[in-house]
Amino acid sequence: MVILTLNCGSSSAKYQVYDWDNKDVLATGVVERVTQDGSVITHKPKGKDTFELESPCPTHKEAIELILNAITHKEHGVIADMGVIGAVGHRVLHGGDKFTKSVKVTPEVLDTFRSVIGLGPLHMPANIMGIEAAQKVLPDVPHVAVMDTAWHQTMPPSSFMYAIPHEWYEKYAARRYGFHGTSFLYTAKRASVLLHKAPKDTNVIIAHVGNGASMCAVRNGCCYDTTMGLTPLEGLVMGTRSGDMDPALPFYIMRETGMSAAEMDTAMNKKSGLLGITGQYTDRRDVTGAAEKGDKRAQLALDMECYRLKKYFGAYTAAVGPVDAIVFTAGVGEHSPIIRAKSLEGLEFLGIKIDPQKNALANSSNCETCISADDSKVKVFVIPTDEELVMTEDAYAIMNGTYDVHTNFTYSFQDPAYRNKAREEGLKKDLAKKPELERIIVRP
């Protein structure tokens, strides 16, 4: 049986095809420029050449049809027909405070998603369109919604409430929700495995650092606090998002410039962060490269991002009590020794100390590594995230009637013997290029 997972953004549709019986990824890919001219699919089947095709996708329905045609194609496909697809998992940005776990999609669930569009106006319409389009093409299989916000529903009110008029919470559900929940769930569970501890006995701080970035304080295996808020704008310095700032700043700029609320929303989400500071860069490789060449604004952006990370590491250490491990994940967290080092610099007094040589070696998405110094009281791990696997397992378990909240449910990757076949193959290539990587790999 095959599980298909879909992640529909405003102008894209990412996917993964997973062979449940053999526990193997058959294909991954993305359709870009959905609803725009020049739509193109990039399909990466296991053991075959990458396939690209331009095809008009005026809506997400055409994009999903394009995906299904690619995965069943006689030459570059990976399944014989759609009859082997047992379930479809959909990534959904926002579930408000209505869901504490993934759910089977029903008309009532879709109505709930529509009711919280205002909490995620950039993402929710695309998420809903993707589900509806997939249901039309695959009407006879269960569709499962996996929400970024569900993991964070264990936060206490002292963490998720804002100091605002209480009726705003009662009438408009204005509170902290948090995002990147599927990534945090995976990396929190894996950290427990690497620490040889049960999740309920584990305290970790996770930094999911990519173009979008957030941190999560995990206390006794559950989310206790997180940096993103009502929307993904709050918290860390990101590629194009400002993160934390004085709430009065937008009002001041709007009065001075005449900008509208919509224009300010765009500026804070798409023109700020590293792009706003440097004037041209969002990719951390470009930022660090320019800083090394003497670009002062690039250096400022790097310093600001790492300082913001450091502040939250300190704050979350206080929040969760004794910390077992710091975890870096996502594209930047997995591949940027500079950002990892600068964000933990000077935290030795908290028992956090990295080994510079180990840190420099950790630059792979195919293995879990430990970069802390031997005498560090707190472990520092680099754990490649796997949100698609969480989505896949949730979809299968809901279809099979065995699913529950994560504190009552055991994922395959919580088994110390768990192996990711695709990553093991990729690791062989990484080790061929850098044999010394072997010494920092953590194998539970």
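Biologist: Does His-60 count as buried or exposed?
Modeller: This is a predicted model, where local features need pLDDT of at least 70, side-chain atom pairs need 80 or more, and totals for chains, interfaces and linings use all residues. Numbering runs from 1 along each chain as its sequence is written, and side-chain values use heavy atoms, with hydrogens and water left out. The cut-offs are under 20% relative accessible area for buried, over 50% for exposed and partly exposed in between (1.4 Å probe, protein chains only). His-60 has 1% relative accessibility, so it counts as buried.

Biologist: Which helix does His-60 lie in?
Modeller: Leaving aside neighbours within four places in sequence, His-60 is in contact (heavy atoms within 4.5 Å) with residues including Cys-8, Val-34 and Met-129. Helices here are DSSP runs (H or I, at least four residues), numbered from the N terminus. The one with His-60 spans residues 60-72 and is helix α1.

Biologist: How are α11 and α13 oriented to each other?
Modeller: Leu-309 and Phe-313 are among the α11 residues that meet α13, where Ile-338 and Leu-344 are among the partners. The axes of α11 and α13 (residues 337-344) cross at roughly 50°. α11 and α13 are therefore oblique.

Technical notes. Axes are lines fitted to C-alpha atoms, for helices over the stretch in contact, and angles run from 0 to 180 degrees between N-to-C directions. Helices (H or I, at least four residues) and strands (E, at least two) are DSSP runs, numbered from the N terminus. Angles under 35 degrees count as roughly parallel, over 145 as roughly antiparallel, 65 to 115 as roughly perpendicular and the rest as oblique.
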